[in-house]
Amino acid sequence: MTAGRWAAPGRVNLIGEHVDYAGGLCLPFALAERTVVEARPRDDGRFTARSTAETGTVDLALDEIGPGAPAGWAGYPAGVLWALRAAGHPVGGLDVVVTDTVPLGAGLSSSAALECAVALAADDLYGLGLPRTALAAACVRAENEVVGAQTGGMDQAAALLATAGHALLLDTRDGSTRQVPFAPADAGLAVLVIDTRVRHHLADGQYGARRAAVEKAAAALGVPSLRGLDVADLRDLDADLLPRARHVVTEIARVGEVVALLDAGRLPAIGPLLDASHASLRDDYAVSCAELDLAVAAAREGGALGARMTGGGFGGSAVALVPLDRLDAVTRTVRAAFAAAGHREPTIRTAEPSEGARRLS
Ligand code: GLA
């Protein structure tokens, strides 16, 4: 057992939004932006954590970690140790220092990156030899049970299982994955990530409410999940549940169409499906916001082939598929639209499908 450094990336989701907790399909890819942790085992059963992005040090006994404890950002790394131990794995104390991080609050899954870097560190330092799918499951459990956020498993799967030059097709019904070649630059395109730099406070409660609505719709229809249903199957649902379920059903179908196009080497043709995904998230699922809608509309006006919000919504980032020779025009159009609307200046970057989590040293 020696100390070392581990890194795990942020992600954007190309398509398949708000379906990972509904047995659906998602297609995220890993970003080059990553969270780096230095970790060192301890033999006294304590967990300590500090971060260059936060003040103070968290220091507690492993036995004190549990639902709601520790509060705040350290719940993510501590929760991973708790989840591994709860699954019966012999994990002891750990010192964790976060030295670099995926942009926080941008909807790029900085929390999953932190969890996954710590999971990989614990796996290496304590010689667990767990498959990455098991590490991802521990990270999800940390988030659901220790932090108390009822998120699905897309972000952790992306951080641990994504590979460079690919998007990760994740089937959340059975947990299976497939690497789908995704090389926008080879097609003269780029994925532009537009961080609106807003985070609406209703996000957490609304996320849980959407998840509950989808589960209620499945229960009302007498099925374990909405996977495999058509829009016609939803007609008897109550008016409040119908649009939520319609988003899930149509979004899962769109993922299938996008994957078929990528497999056929027809990347530019996915644009309209990105647009349709955004409209569905905005109108049926009601998880967009003015800034995201503007980012998407302005990106298209500037020449994007398609654009959509990515991640949980209510702020965070949008993605746009942009011909390389339109990158400047799209960037300018989005910036001008935000300035005219009086919104904060967005942060705009291109995203390359990058490698998943790994040990650095
Ligand atoms: C957040 C959650 C994910 C997923 C997305 C929406 O990023 O962490 O599990 O549900 O929202 O697709």
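Me: Is Y21 buried or exposed in this predicted model?
Reply: We can go by its relative accessible area, which comes out at 8%. Buried means under 20%. So Y21 counts as buried.

Me: And which kind of aromatic pair do Y21 and Y207 make?
Reply: The structure holds two aromatic pairs. In this one the ring centres sit 5.4 Å apart, with the planes at 65°. Planes over 60 degrees apart count as edge-to-face, so the pair of Y21 and Y207 is edge-to-face.

Me: How many residues apart in sequence are the parts that this pair ties together?
Reply: Y21 lies in the loop between β1 and β2, while Y207 belongs to helix α5, residues 203-221. Y207 is buried too, at a relative accessible area of 16%. In sequence, the parts tied together by the pair are separated by 186 residues.

Me: What about F29 and F182, which kind of pair is that?
Reply: Their ring centres are 5.4 Å apart and the planes meet at 45°. Stacked needs planes under 30 degrees apart and edge-to-face needs over 60, with the rest counting as tilted. So F29 and F182 form a pair that is tilted.

Me: Where in the chain is F182?
Reply: F29 and F182 are both buried. F29 is in strand β3, and its partner is 153 residues away in a distant part of the chain. F182 is found in the loop between β8 and β9.

Me: Which strands stand at the edges of the open sheet?
Reply: Six strands line up as β5-β4-β6-β3-β1-β13, with mixed pairing. An edge strand here has a single partner, so one of its sides is left without a neighbour in the sheet. The edges are β5 and β13.

Definitions and conventions
Residues are numbered from 1 along each chain as its sequence is written. This is a predicted model: local features need pLDDT of at least 70, side-chain atom pairs count only at pLDDT 80 or more; totals for chains, interfaces and linings use all residues. Side-chain values use heavy atoms; hydrogens and water are left out. Two strands pair if DSSP finds at least two bridges between them. Helices (H or I, at least four residues) and strands (E, at least two) are DSSP runs, numbered from the N terminus. Rings of Phe, Tyr and Trp (its six-membered ring) pair if their centres lie within 6.5 Å; planes under 30 degrees apart count as stacked, over 60 as edge-to-face and the rest as tilted. Buried means under 20% relative accessible area, exposed over 50%, partly exposed in between (1.4 Å probe, protein chains only).
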